[in-house]
Amino acid sequence: MRRVRAARGRGGRPGLAAATVIGALVLAGCGGSDSGSSGAELSVGAAYIPQPVSDSMAAGFLTITNDGDTEDQLTSVTSEAGDVTVHETVDGTMKEVDRLPVPAHGELVLESGGNHLMFEKLTQRLEEGETVSVELHFAHSDPVTVEVPVKAATYRPTSEQSEHTEGSEHSEGSEHSEGSEHSEGSEHSAPSEHAGH
């Protein structure tokens, strides 16, 4: 993850400081009209995967914090553990989406019962205590690699554990039951086994 900040001049060198700031602004402009990759300052924490009941599917949760002045978007997630898709939940209905916004000076929270990641076609069953490496891809920022721990299927984060720091846990959710199909691109109502999702 790369954070680009304009350098500040120190006493006695206003010309050098101005040139440095102008150079930083020019570089930021090279990323396109959306403000370039230096606008968003992203960090990821509160990541975990409840141990799935299925050999082929799992859910993932994490929080992306943006301390920058520019919104970004999570566009995709990749992992050697299997295929990963981004799902949005609105009024109990889940559907695959191609992006979710990460607001400036805000957070994108992927949590049980809300927006989340779906791991499908797992290369092996995920067991508690293991770690899964995932790479998050964004519309403007560089990719971010996160090591996501696999927790117990009954794991429930507490408020103390929901601090947004690297590797901490987040959300009040129950495990993501894998009993129903999460077909690609489909929109579906949450069945009873997804009620806590």
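**View 1. Surroundings of phenylalanine 119 in the predicted model.** Leaving aside residues up to four places away in sequence, phenylalanine 119 touches Ile49, Ser56, Met57, Ala58, Ala59, Gly60, Ser79, Asp83, Val84, Val132 and Val134 (contact: heavy atoms within 4.5 Å). This is a predicted model, in which local features need pLDDT of at least 70 and side-chain atom pairs count only at pLDDT 80 or more, while totals for chains, interfaces and linings use all residues. Residues are numbered from 1 along each chain as its sequence is written, and side-chain values use heavy atoms, without hydrogens and water.

**View 2. Nonpolar cores.** The largest nonpolar core has 30 residues, of which Ile64, Leu74, Phe119 and Leu136 touch the most other members. A separate second core has six residues, among them Tyr48, Ala59, Met118 and Tyr155. A nonpolar core is a set of buried Ala, Val, Leu, Ile, Met, Phe, Trp, Tyr and Cys residues joined through side-chain atoms within 4.5 Å; buried means under 20% relative accessible area, exposed over 50%, partly exposed in between (1.4 Å probe, protein chains only).

**View 3. Salt bridges of arginine 125.** Arginine 125 forms a salt bridge with aspartate 55 (2.5 Å, N to O) and another with glutamate 127 (3.6 Å, N to O). A salt bridge is a side-chain nitrogen of Lys or Arg within 4 Å of a carboxyl oxygen of Asp or Glu. Shared partners join Asp55, Arg125 and Glu127 into one network. Arginine 125 is partly exposed, at 31% relative accessibility, and glutamate 127 is partly exposed at 33%.

**View 4. Lysine 121 and aspartate 83.** Their side chains meet in a salt bridge (3.9 Å, N to O). Lysine 121 is exposed at 63% relative accessible area, whereas aspartate 83 is partly exposed at 42%.
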